[in-house]
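Please look over the model below before reading the points that come after it.

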Amino acid sequence: MSADKKLARFDALIMPHLDAAYNLARWLTRNPHDADDVVQEACTRAYASFDSFRAINAKAWLLTIVRNSFLKQIEKQKRGGEIVHLDVEQTTLGDHDNNDAYDRHNDNPEVIAMRQYEAEQIHKGIMALTDEYREIIILREIEGFTYHEIADITGTPVGTVMSRLSRARQKLQQKLTGIKRSREKTQ
Amino acid sequence: MNCQQVMSLLHAYLDRELDVANEMALENHLHDCPGCEDAYKLLHVLQTRVRSDAKYYSAPAELRHKIRSSLGSSTETVRTKQRFWSTPGGTGSLALAMTILLSFSVITYERSVSIDDQLMQDVTSGHIRSLMAKHLTDVASSDQHQIKPWFNSKLDFSPQVRDFAELGYSLQGGRLDYLQNRIVAAIVYKHRQHVINLYMWPTGDDDVLAVSANEKQGYHLLSWKRHGMDFWLVSDLNKRELKEFARLLQND
């Protein structure tokens, strides 16, 4: 493949999934700085091995590489005692991409405030999950992958995907009820 | 199916990963067992909340740019650009070229607004009609090789029909619609529960227009021109995913 042709093909097949790659990296690393590094590293590696790319599902292929780059980054940070970025971001919900539904259906400020609060709880709940659980929630609920695709991306059997997902949801549910209870107590 | 079995399959049921037989057995059980039904409802609420509330982080533009230029440091184009900048008068003529280009795009933009507003309304109405009248498709099939010939016998052009079920956008069928005083092809896709209408018709010119995004009555619209065809995507699906789908459609 000529360099130009390779680049054009990469542009057409892989670059459309950059948002998904970044979204996953951002959720995994929990901070924008590391997310940038992971995605850059992943894209470089994807491009390097692109000649052998035969997969049908380009998005799953790219996200597999993103995931591996993230694991590598953790390894490196552990080994090198590198500063781990702890500026896990504060939830700001004003710039949500995908909750347009809020904007239209109800203008009542109290309802809006309540919904924002609930949305924040979901966000915090997911952020507080372990890497493994957070990852599977994002892959399934946000990126919409099937069990088989998740199995491919994470290199685990489908059965494990199923049980891990159910545990992740249980944990998330517990965190949410926990938050609700402690809130009710203080009121 | 007993409660224990149901509990072990509940997540797979929620994620629509069960085979038909198990799905039906589980549904029957939920119908008769309030306890399991409650457990399912709780899960369903959680899933819906996560899907609508979890933030989606799009790649920052700078990062996209950085990655793209690091891959494609196609040295040739970089060098040509540098040479152009550095020639005496190069900057001047570049500025002039930019001005011309800018004024040109302003003119075309203004012209297209008035035409497209009516068209946008028509596209949106067509989409809403297709949802309400229970007349989503004239030919219901997920097989592109079935839909294409059907269109070919009814249109004076041959629409591209492709299935993207692998990527989550499954082909539902095709329909004839009426836009811009002509019969156009409407290809219907579904992404999760969202219906997407893809309209296309020949424009007769070779203009190439990048995707432009609009919103009308709560629906998202994307349009572009390519290969002498006009394309319009309309759906209540969020803008991000609709754009992703547009990119897929543009990949030849």
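Predicted model: local features only at pLDDT ≥ 70, side-chain atom pairs only at ≥ 80, totals over all residues.

1. Extent of the contact. On the chain B side, 36 residues take part, and they are in contact with 45 residues of chain A.

2. Elements on the chain B side. Four helices of chain B each give two or more residues to the side that touches chain A: H1 (3-14), H3 (34-53), H4 (61-71) and H8 (239-250). Of these, H3(B) supplies the largest share, eight residues.

3. Make-up of the chain B side. Sorted by class, the residues of chain B that touch chain A are 13 nonpolar, 13 charged and ten polar.

4. A:Arg30. Most residues other than glycine have a negative phi. For A:Arg30, phi is near 65 degrees, a positive value in a residue other than glycine. A:Arg30 sits in the loop between helix H2 (18-29) and helix H3 (32-48) of chain A.

5. B:Arg192. Here too phi is positive in a residue other than glycine, with a value near 50 degrees for B:Arg192. The residue belongs to the loop between strand E3 (182-191) and strand E4 (194-202) of chain B. B:Arg192 has 12 other C-beta atoms within 10 Å and is therefore exposed, as the exposed class covers counts of 12 or fewer.

Technical notes. Residues numbered from 1 in each chain as written. Chains lettered and ligands numbered in written order. Contact = placed C-beta atoms within 7 Å. Nonpolar A, V, L, I, M, F, W, Y, C, P; charged D, E, K, R; others polar. Buried ≥ 20, exposed ≤ 12 C-beta atoms within 10 Å, placed from the backbone.
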